Amino acid sequence: MEKLRINQILDSIGLREEMEENNSEDAFKKQHFHIYTSLEYQQSERKGRDEVHRMSEVTLFHKPSGLRIEYLTTENYYGERLRYKLKSIYIINKINKKVTVADVDFAGKLFYTADGIIPFLKVNYEFF
């Protein structure tokens, strides 16, 4: 996906490719998202390695659309600053297949993917 389009999608839901928050200011409006760590990551070897370096993977589930935005997060030494760096943008369809998103039409409620056009209604809204 081209960088300009990624930024447009993220901007339309109040996110950026790279974000930073501190103890007094959130990086984004958290009420629009469910924030979770995937079961796959929780059970992976990289989780243990990442913890040593104060890193983690987190997924922001956009409540209105079902879009999932995965970030690599890093925390500073004192735990007062958290940085987010975009890893991927995807959806999970009704048959639990992870599908990378190339574009989104929020007004028409459509995702554009390599698998074709997927309406918001065909997205799995459960988060793990």
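# Exercises on rings, pocket and core

Ile 69 is buried, with a relative accessible area of 0%. Here buried means under 20% relative accessible area, exposed over 50%, and partly exposed in between (1.4 Å probe, protein chains only). This is a predicted model: local features need pLDDT of at least 70, side-chain atom pairs count only at pLDDT 80 or more, and totals for chains, interfaces and linings use all residues. Residues are numbered from 1 along each chain as its sequence is written, and side-chain values use heavy atoms, with hydrogens and water left out.

## Exercise 1: Follow the aromatic rings

How many aromatic pairs does a search of the whole structure find? Describe the two pairs that contain Tyr 84 with Phe 28 and with Tyr 71.

*Solution.* 
- Step 1. The search finds 6 aromatic pairs. Rings of Phe, Tyr and Trp (its six-membered ring) pair if their centres lie within 6.5 Å; planes under 30 degrees apart count as stacked, over 60 as edge-to-face and the rest as tilted.
- Step 2. Take Phe 28 and Tyr 84, among these pairs. Their centres are 5.6 Å apart, with 80 degrees between the planes, and the pair is edge-to-face.
- Step 3. This pair links distant parts of the chain, 56 residues apart. Phe 28 is in the loop between β1 (18–22) and β2 (33–36), while Tyr 84 is in strand β5 (residues 81–92).
- Step 4. Check burial. Phe 28 has a relative accessible area of 5% and is buried. Tyr 84, at 6%, counts as buried.
- Step 5. Now take Tyr 71 and Tyr 84. They are edge-to-face too, at 5.6 Å centre to centre and 85 degrees between the planes. Tyr 71 lies in β4 and Tyr 84 in β5, so the pair ties together parts 13 residues apart in sequence.
- Step 6. Phe 28, Phe 33, Tyr 71 and Tyr 84 form one aromatic cluster.

## Exercise 2: Find charges over rings

Which ring lies under the charged end of Lys 30, and which under Lys 98?

*Solution.* 
- Step 1. Apply the test. A charge sits over a ring if NZ of Lys or CZ of Arg is within 6 Å of the ring centre and within 35 degrees of the ring normal.
- Step 2. The charged end of Lys 30 sits over the ring of Phe 28, 5.6 Å from its centre.
- Step 3. Lys 98 lies over the face of Tyr 90, at 4.3 Å from the ring centre.

## Exercise 3: Describe the largest pocket

State the space in the largest pocket and what lines it.

*Solution.* 
- Step 1. The largest pocket holds about 190 Å³ of space. On a 1 Å grid over the protein atoms alone, a pocket is an open set of points where a 1.4 Å probe fits, with protein on both sides within 12 Å along at least five of seven lines; lining residues have an atom within 4 Å of a point. Grid points are joined across faces, edges and corners, and a volume is the space filled by probe spheres set on the points.
- Step 2. There are 13 lining residues, and the closest to the pocket centre are Ser 38, Glu 40, Tyr 90, Ile 92 and Lys 98.
- Step 3. Strand β5 gives the most to this lining, with 3 residues.
- Step 4. Look at Ile 92. This residue lies in strand β5 and, at 11% relative accessibility, counts as buried.

## Exercise 4: Read the core

Which residues touch the most other members of the largest nonpolar core?

*Solution.* 
- Step 1. A nonpolar core is a set of buried Ala, Val, Leu, Ile, Met, Phe, Trp, Tyr and Cys residues joined through side-chain atoms within 4.5 Å.
- Step 2. Of the 25 residues in this core, Leu 15, Leu 67, Ile 69, Tyr 71 and Phe 111 touch the most other members.
- Step 3. The largest share of the core, 4 residues, comes from β5.

Technical notes:
Helix = DSSP H or I, 4+ residues; strand = E, 2+ residues; numbered from the N terminus.
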